[in-house]
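Good morning, colleagues, and thank you for your time.

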Amino acid sequence: QRIEKVFGRVQALWKPIATEEAFEIIRRRLFSPIRNLSERDEVCRAFADSYIQHKEKLPSETQESRYYERLIQAYPIHPEVFDRLYEDWSTIEGFQKTRGVLKLMAHIILRLWKENNQDLMILPSSFPLNDSLARTELVNYLPNGWDAVIERDIDGDRAETTELENSEPRFGQFHAAKRVARTIFLATSPSSHNLQRTRKGIDFARILLGCLQPRQNPAVYQDALGRLADKLHYLSSNGESSAVNTQFWFDTRTNLRREMEDRKRRFDEKTEVRKKIEEVIKRAFSSVQSFDGVHTFVPHNDVPDDSLLRLVILPLDTTYQKGSSHRVESVIQEYLSKNGSRPRQRQNRLLFMAAEQSIVDRLREATRRLLAWESIVEDVRSGNLNLDQFQFKQAERELNSSKQVLPQVARECFKWLLCPSQEDPHERMTIEAHPLNTTSGTIPSEVDRVCKENELIIEVWSPIHLRSQLKMYYWKNGKTSVRAADYWEDSLKYLYFPRLRKRGTFDEVLSKGSASRDFFATAQGYTEGKYDGFLFGEGSILINDTLLLIEPEAAKQYANSMNKPIEVVPPDRESTSSGDAGTQKDQPTSHTSDVIITPIPREKSPARSFRGSVEVNAALAKSKLNTIAEEVIALLASDPNAKVRITLEIDAEFPQGASDTIKRAVSENAQNLKFNHHEWE
């Protein structure tokens, strides 16, 4: 019984101490008694208030009143330090909860005291891992390889965190990058001692708890974490760095970023990088409604010179920066003046998109990153690169992330819609730059919105604006009429004309304006001082290439002249000689009077048929026939009662004879297309 009691007492003495008990033991062993309790309470209250202020970003336990008591008990060491040492590091075989913690904290405190550290409490982020003694004390409990991790990624003169803080003053002011990395290391490195154990990470709320001090902004640590997640070689995660539940941890195995960084340099900027960016831009602008064609990174000879509206996306070496547009102006001028070796005629049908100069490098970097991850995943799948399951999932996750990031960066980069314009024919061309909103909507909707709000492209136009244009440029110097087709063609050519969406927009203006006498009269031609098919305020006009637009005042005068009274003088009647009384008939003797006859306007009978023929240049047949179908046949067929019959007649002559190949192919095609008649002579 006595022996049993002895062994019972020994067993009770080896009972592990609780975490709260360790607070007092460590403090009593390593610090002198606190003389000013009010200062201690003030510091702990400041921490507690800061945690309440940012409660949505921190662990829920920090909102309990008990956490303030824990701060008091652990001061000047933060309770999170003890939680990590007693919950995580105590799982390592050989780590002693009391002696091990005492020895480690002694090194940490000595180093902080020598460096005159100004932290209000000793946090996990306060651990000076660049100190050889403190680092050795920690690394001794871990597997081989952690020295390289600390020196490369976490803490040291050549660490990535040091480089980031030197380049970003807002991080360097608080040593935010080092603090984040130290906190992650202290919480996650112990799990590497047992490779069979499930990897344990730490989320942003716990990272922030290990870094944040009173009167600091949590955003600086969140931004630092995002930058480190993209930069460090040994930091891994199981999701997006911005996601709330994403876990982060350090490992002695690289996270494939080093492989990715090496591969980024393999891709040529003028070939692979440019091609990938072009693919992304084409997809982004593919459904823009305001334009009939979008041309990405093409030279001026590949942009057709026709009546269709076209958006030209300028190459990456032609960027735009607000306040400096000399380079982009010269490039746009070249597109407007040239169409290959020929001069461009229809300059007013082109608008341009340019990249923001300050974002181009970021776009190229995001593209290289995507190409690198694609090559890694492809090599793993083809067996050219051996990775374990975890690393392969990491590569796939990074690839998916890069695929999402690149379109976003491309949208931020290509944000300038450039519109060449002129105030009048005598002024030089200027560039109007309109920025797209890169945070809302889609690229097509934003392009359409900017074009509509700034009237860069006009979908609906008023006849009053057409009248103003006609007065300004055509109805002057004694000229009172102009062909509608001439105005339309000029609006395609000259930058000082409004840019109408399509020919249908112009035809709609003509139809509206012809129904009133305020804007213009119309006629189908002018022959020997007479307007053929003159209409003024009657509407229902026939819109074709011969249609004339007549100035309203001149039209009124012409209309009055058509209805002017006509004087008719009947011939004098023959009278017989008064001497021949036997045969003379009694006639009243009177003077001949004038008879005024006013013509009565006859009602016009409606046209009941239309017949037309036109010669088409064989080289332009495709586009010309398409135009005829849209602008003539479609109008005729718009009347539901109309019966429209179309006969296409082809007459081809071969002075030297047609080849057998052409004869055979044409005959077969004509038969397949069900020609009513086709023969060779």
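Let me begin with a term: a residue is called exposed when its relative accessible area is over 50%, and buried when that area is under 20%, with partly exposed in between. Please also bear in mind that this is a predicted model.

With that cut-off in hand, consider Glu538. Where does Glu538 lie? Its place is the loop that runs between strand E14, residues 530-532, and strand E15. Because its relative accessibility is 52%, Glu538 counts as exposed.

In what order do its strands stand? The order is E11-E15-E12, in an open sheet of 3 strands with antiparallel pairing. Strand E11 (481-483) and strand E12 (521-523) are the edges; each has a single partner strand, and therefore one side of each has no neighbour in the sheet. From one strand to the next, the twist averages 30°. Between E12 and E15, the latter spanning residues 548-550, the antiparallel pairing extends over 3 bridges. Within that pairing, Ala521 faces Ile550 of E15. Helix H21, residues 484-493, packs on this sheet and touches both E11 and E15, and its direction makes about 65° with that of E11.

I turn now to strand E4, residues 310-313. Are its faces covered or open? Both are covered: Arg310 and Val312 on one side, and Leu311 and Ile313 on the other, are all buried.

Finally, the surface. Which residues make the nonpolar surface patch of about 680 Å²? They are Val614, Val616, Leu625, Leu648, Ile650, Leu673 and Phe675. Phe675 belongs to the segment that comes after helix H25, residues 660-672. Since its relative accessibility is 38%, Phe675 counts as partly exposed, whereas Glu538, at 52%, counts as exposed.

Thank you; I welcome your questions.

Technical notes:
Residues numbered from 1 in each chain as written. Predicted model: local features only at pLDDT ≥ 70, side-chain atom pairs only at ≥ 80, totals over all residues. Heavy atoms only, no water. Patch = residues over 30% accessible without salt bridge, like charges linked within 9 Å, V, L, I, M, F, W, Y side chains within 5 Å. Areas by Shrake-Rupley, 256 points an atom, 1.4 Å probe, with all protein chains shown as cover. Salt bridge = Lys/Arg side-chain N within 4 Å of Asp/Glu carboxyl O. Helix = DSSP H or I, 4+ residues; strand = E, 2+ residues; numbered from the N terminus. Buried < 20%, exposed > 50% of the residue type's maximum accessible area, 1.4 Å probe, protein only. Pairing = 2+ DSSP bridges. Axes fitted to C-alpha atoms, helices over the stretch in contact; angles between N-to-C directions. Contact = heavy atoms within 4.5 Å.
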